[in-house]
Amino acid sequence: MTALQQRIGPHPDGAHLPAHHEQCLGCGVDNPHGHHLSVHREGDLVVATHVFDDRHVGAPGIAHGGAVATVLDDLYGFLLYLVGEPAVTRQLVVEYLAPVLIGTTYRLEARVDRREGRKLFVNAKVTALDGRTAATSTAVFVTVDAEHFTQARPSSAI
Ligand SMILES: CCCCCCCCCCCC(=O)SCCNC(=O)CCNC(=O)[C@H](O)C(C)(C)COP(=O)(O)OP(=O)(O)OC[C@H]1O[C@@H](n2cnc3c(N)ncnc32)[C@H](O)[C@@H]1OP(=O)(O)O
(Lines give C-alpha, C1' and ligand atoms only; values in the text may rest on other atoms or scores of the structure.)
Protein backbone atom coordinates (compact mmCIF):
# COMPACT_ATOMS: atom_id res chain seq x y z
CA MET A 1 0.00 0.00 0.00
CA THR A 2 1.39 3.44 -0.94
CA ALA A 3 1.67 6.33 1.54
CA LEU A 4 -1.13 8.08 -0.37
CA GLN A 5 -3.43 5.06 -0.05
CA GLN A 6 -2.63 4.79 3.66
CA ARG A 7 -3.44 8.44 4.21
CA ILE A 8 -6.68 8.25 2.25
CA GLY A 9 -8.17 5.75 4.56
CA PRO A 10 -10.72 4.46 5.39
CA HIS A 11 -11.48 6.78 8.33
CA PRO A 12 -14.38 5.92 10.68
CA ASP A 13 -17.12 8.32 11.72
CA GLY A 14 -15.79 10.82 14.26
CA ALA A 15 -12.17 10.35 13.25
CA HIS A 16 -9.75 13.23 13.03
CA LEU A 17 -8.62 13.39 9.39
CA PRO A 18 -4.94 13.73 8.49
CA ALA A 19 -3.52 16.91 6.96
CA HIS A 20 -2.93 16.69 3.22
CA HIS A 21 0.75 17.19 4.03
CA GLU A 22 2.76 19.20 6.55
CA GLN A 23 3.19 22.31 4.38
CA CYS A 24 -0.37 22.50 3.03
CA LEU A 25 -1.65 26.10 3.11
CA GLY A 26 -4.99 24.96 4.46
CA CYS A 27 -4.08 22.30 6.99
CA GLY A 28 -0.33 21.76 7.20
CA VAL A 29 0.99 22.09 10.72
CA ASP A 30 4.42 23.25 9.50
CA ASN A 31 3.19 26.09 7.25
CA PRO A 32 3.63 29.36 9.18
CA HIS A 33 1.30 31.16 6.76
CA GLY A 34 -1.31 28.43 6.87
CA HIS A 35 -4.72 28.08 8.43
CA HIS A 36 -3.84 24.90 10.34
CA LEU A 37 -7.32 23.50 9.72
CA SER A 38 -8.17 20.59 11.99
CA VAL A 39 -10.87 18.46 10.38
CA HIS A 40 -12.91 15.49 11.50
CA ARG A 41 -15.57 13.30 10.01
CA GLU A 42 -19.20 13.60 11.10
CA GLY A 43 -21.07 10.95 9.13
CA ASP A 44 -21.09 12.13 5.52
CA LEU A 45 -19.68 15.54 6.50
CA VAL A 46 -16.16 16.81 6.99
CA VAL A 47 -16.20 19.44 9.72
CA ALA A 48 -13.79 21.99 11.18
CA THR A 49 -14.04 24.68 13.82
CA HIS A 50 -12.01 27.62 12.65
CA VAL A 51 -10.92 31.11 13.74
CA PHE A 52 -9.43 33.45 11.13
CA ASP A 53 -6.63 35.59 12.56
CA ASP A 54 -4.81 38.82 11.70
CA ARG A 55 -2.80 37.10 8.94
CA HIS A 56 -6.07 36.64 7.03
CA VAL A 57 -7.52 40.15 7.24
CA GLY A 58 -9.05 41.91 4.26
CA ALA A 59 -11.16 44.88 5.37
CA PRO A 60 -10.27 45.77 8.97
CA GLY A 61 -11.55 43.06 11.29
CA ILE A 62 -12.96 41.00 8.43
CA ALA A 63 -11.43 37.93 6.83
CA HIS A 64 -10.20 38.33 3.26
CA GLY A 65 -12.51 36.62 0.79
CA GLY A 66 -9.56 34.76 -0.65
CA ALA A 67 -8.74 33.40 2.79
CA VAL A 68 -12.30 32.14 3.19
CA ALA A 69 -12.09 30.54 -0.26
CA THR A 70 -8.76 28.95 0.65
CA VAL A 71 -10.22 27.36 3.74
CA LEU A 72 -13.29 26.11 1.89
CA ASP A 73 -11.15 24.69 -0.91
CA ASP A 74 -8.98 22.89 1.59
CA LEU A 75 -11.98 21.60 3.53
CA TYR A 76 -13.31 20.08 0.30
CA GLY A 77 -9.94 18.40 -0.02
CA PHE A 78 -10.82 16.37 3.08
CA LEU A 79 -13.78 14.78 1.32
CA LEU A 80 -11.32 12.63 -0.56
CA TYR A 81 -10.89 10.71 2.69
CA LEU A 82 -14.59 9.78 2.52
CA VAL A 83 -14.56 9.17 -1.23
CA GLY A 84 -11.41 7.07 -0.94
CA GLU A 85 -9.70 8.62 -3.96
CA PRO A 86 -7.58 11.73 -4.48
CA ALA A 87 -9.35 14.60 -6.19
CA VAL A 88 -8.54 18.22 -7.03
CA THR A 89 -10.54 21.39 -7.50
CA ARG A 90 -11.80 22.13 -11.01
CA GLN A 91 -14.34 24.81 -10.05
CA LEU A 92 -14.93 26.71 -6.81
CA VAL A 93 -17.90 29.03 -6.18
CA VAL A 94 -18.33 31.03 -2.97
CA GLU A 95 -21.34 33.08 -1.90
CA TYR A 96 -20.27 35.62 0.73
CA LEU A 97 -23.46 36.17 2.68
CA ALA A 98 -22.08 38.11 5.65
CA PRO A 99 -18.65 39.27 6.81
CA VAL A 100 -16.51 36.52 8.31
CA LEU A 101 -15.02 38.17 11.37
CA ILE A 102 -11.43 37.89 12.51
CA GLY A 103 -11.11 36.28 15.95
CA THR A 104 -14.56 34.68 15.79
CA THR A 105 -15.24 30.97 15.84
CA TYR A 106 -16.98 29.42 12.83
CA ARG A 107 -18.14 25.92 12.02
CA LEU A 108 -17.17 24.80 8.53
CA GLU A 109 -18.77 21.76 6.97
CA ALA A 110 -18.64 20.15 3.55
CA ARG A 111 -20.23 17.14 1.86
CA VAL A 112 -20.39 15.36 -1.46
CA ASP A 113 -23.71 16.09 -3.15
CA ARG A 114 -23.32 13.62 -6.01
CA ARG A 115 -20.78 11.91 -8.23
CA GLU A 116 -20.80 11.59 -12.01
CA GLY A 117 -17.84 9.59 -13.28
CA ARG A 118 -14.71 11.40 -12.10
CA LYS A 119 -16.66 14.51 -11.11
CA LEU A 120 -17.58 15.14 -7.50
CA PHE A 121 -20.19 17.85 -6.97
CA VAL A 122 -19.63 19.14 -3.46
CA ASN A 123 -21.04 21.87 -1.22
CA ALA A 124 -20.07 23.61 1.98
CA LYS A 125 -21.08 26.31 4.44
CA VAL A 126 -19.51 28.55 7.03
CA THR A 127 -21.72 29.12 10.05
CA ALA A 128 -21.23 31.33 13.10
CA LEU A 129 -21.87 29.76 16.49
CA ASP A 130 -25.13 31.74 16.74
CA GLY A 131 -26.34 29.74 13.72
CA ARG A 132 -26.04 32.48 11.10
CA THR A 133 -24.55 31.33 7.81
CA ALA A 134 -21.74 33.62 6.65
CA ALA A 135 -20.84 31.82 3.42
CA THR A 136 -21.99 28.97 1.23
CA SER A 137 -20.10 27.25 -1.55
CA THR A 138 -20.31 24.71 -4.30
CA ALA A 139 -17.43 23.11 -6.13
CA VAL A 140 -16.55 20.52 -8.72
CA PHE A 141 -13.65 18.24 -7.86
CA VAL A 142 -12.22 15.75 -10.33
CA THR A 143 -10.59 12.54 -9.20
CA VAL A 144 -6.97 12.05 -10.25
CA ASP A 145 -4.37 9.36 -9.94
CA ALA A 146 -1.30 9.61 -7.72
CA GLU A 147 0.87 10.79 -10.63
CA HIS A 148 -1.05 14.09 -10.66
CA PHE A 149 0.87 15.11 -7.54
CA THR A 150 4.29 14.38 -8.99
CA GLN A 151 4.00 16.95 -11.82
CA ALA A 152 5.84 19.68 -9.91
CA ARG A 153 8.10 17.56 -7.72
CA PRO A 154 8.70 14.02 -8.92
CA SER A 155 9.87 13.06 -5.42
CA SER A 156 6.75 14.45 -3.73
CA ALA A 157 5.92 12.64 -0.51
CA ILE A 158 2.15 12.72 -1.09
C1 LIG B 1 -3.77 12.70 0.94
C2 LIG B 1 -3.54 13.95 0.21
C3 LIG B 1 -3.45 13.83 -1.24
C4 LIG B 1 -4.31 14.75 -1.99
C5 LIG B 1 -4.00 16.19 -1.74
C6 LIG B 1 -5.20 16.99 -2.09
C7 LIG B 1 -4.98 18.41 -1.68
C8 LIG B 1 -6.26 19.16 -1.76
C9 LIG B 1 -6.03 20.60 -1.51
C10 LIG B 1 -7.30 21.40 -1.65
C11 LIG B 1 -7.81 21.37 -3.05
C12 LIG B 1 -6.86 22.07 -3.98
O13 LIG B 1 -6.36 23.13 -3.73
S14 LIG B 1 -6.53 21.29 -5.45
C15 LIG B 1 -5.42 22.41 -6.32
C16 LIG B 1 -6.17 23.32 -7.30
N17 LIG B 1 -6.63 22.56 -8.43
C18 LIG B 1 -5.79 22.15 -9.39
O19 LIG B 1 -4.58 22.41 -9.39
C20 LIG B 1 -6.39 21.39 -10.54
C21 LIG B 1 -5.88 21.91 -11.88
N22 LIG B 1 -6.63 21.26 -12.95
C23 LIG B 1 -6.26 20.06 -13.41
O24 LIG B 1 -5.19 19.51 -13.05
C25 LIG B 1 -7.16 19.42 -14.40
O26 LIG B 1 -7.99 20.38 -15.02
C27 LIG B 1 -8.06 18.35 -13.74
C28 LIG B 1 -7.19 17.19 -13.19
C29 LIG B 1 -8.93 18.91 -12.62
C30 LIG B 1 -9.00 17.78 -14.81
O31 LIG B 1 -8.27 17.51 -15.99
P32 LIG B 1 -8.54 16.20 -16.81
O33 LIG B 1 -8.13 15.01 -16.02
O34 LIG B 1 -7.88 16.43 -18.15
O35 LIG B 1 -10.09 16.14 -16.94
P36 LIG B 1 -11.12 16.91 -17.95
O37 LIG B 1 -11.39 15.97 -19.05
O38 LIG B 1 -10.66 18.27 -18.28
O39 LIG B 1 -12.40 17.07 -17.00
C40 LIG B 1 -12.88 15.93 -16.29
C41 LIG B 1 -14.39 16.00 -16.31
O42 LIG B 1 -14.82 17.15 -15.56
C43 LIG B 1 -15.72 17.93 -16.37
N44 LIG B 1 -15.63 19.32 -15.96
C45 LIG B 1 -14.59 20.14 -16.08
N46 LIG B 1 -14.85 21.33 -15.54
C47 LIG B 1 -16.13 21.27 -15.08
C48 LIG B 1 -16.99 22.18 -14.40
N49 LIG B 1 -16.58 23.42 -14.12
N50 LIG B 1 -18.23 21.77 -14.06
C51 LIG B 1 -18.64 20.50 -14.36
N52 LIG B 1 -17.87 19.60 -14.98
C53 LIG B 1 -16.63 19.97 -15.34
C54 LIG B 1 -15.27 17.65 -17.79
O55 LIG B 1 -16.30 17.92 -18.70
C56 LIG B 1 -15.00 16.15 -17.69
O57 LIG B 1 -16.21 15.45 -17.70
P58 LIG B 1 -16.42 14.10 -18.49
O59 LIG B 1 -16.18 14.46 -19.95
O60 LIG B 1 -15.39 13.14 -17.96
O61 LIG B 1 -17.82 13.69 -18.18
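**Notebook: ligand shell, core and sheet**

I looked up the ligand first. I found 20 residues around the ligand, and the closest are Gly77, Val88, Thr89, Gln91 and Val142. I noted that this is a predicted model.

Strand 4 gives the most, with four residues. I sorted the shell by class and got nine nonpolar, five polar and six charged residues.

Next I looked up the largest nonpolar core. It has 34 residues, and Leu75 and Tyr76 touch the most other members. Six elements are not all I care about here, but I listed those giving two or more residues: strand 3 (45-51), helix 2, helix 3 (80-83), strand 5 (105-116), strand 6 (119-128) and strand 7. Helix 2 has the largest share of this core, six residues.

I followed up on Leu75. Leaving out residues up to four places away in sequence, Leu75 touches Leu37, Val39, Val46, Ala48, Leu108, Ala110 and Ala124.

I traced seven strands in an open sheet, in the order 1-2-3-5-6-7-4, with antiparallel pairing. Strand 1 (16-17) and strand 4 are at the edges; each has a single partner strand, so one side of each has no neighbour in the sheet. Strand 1 pairs with strand 2 (residues 39-42) over two bridges, in the antiparallel sense. There, Leu17 stands opposite Val39 of strand 2.

I also checked helix 2 against the sheet. Helix 2 packs on it, touching strands 2, 3, 4, 5, 6 and 7. The direction of helix 2 makes about 135 degrees with that of strand 4.

How values were computed
Residues are numbered from 1 along each chain as its sequence is written. This is a predicted model: local features need pLDDT of at least 70, side-chain atom pairs count only at pLDDT 80 or more; totals for chains, interfaces and linings use all residues. A residue is near a molecule or strand if its C-beta atom, placed from the backbone, lies within 6 Å of it. Ala, Val, Leu, Ile, Met, Phe, Trp, Tyr, Cys and Pro count as nonpolar, Asp, Glu, Lys and Arg as charged, and the others, Gly among them, as polar. A nonpolar core is a set of buried Ala, Val, Leu, Ile, Met, Phe, Trp, Tyr and Cys residues joined through C-beta atoms within 7 Å. A residue is buried if 20 or more other C-beta atoms lie within 10 Å of its own, exposed if 12 or fewer, and partly exposed in between; C-beta atoms are placed from the backbone. Two residues are in contact if their C-beta atoms, placed from the backbone, lie within 7 Å. Two strands pair if DSSP finds at least two bridges between them. Axes are lines fitted to C-alpha atoms, for helices over the stretch in contact, and angles run from 0 to 180 degrees between N-to-C directions.
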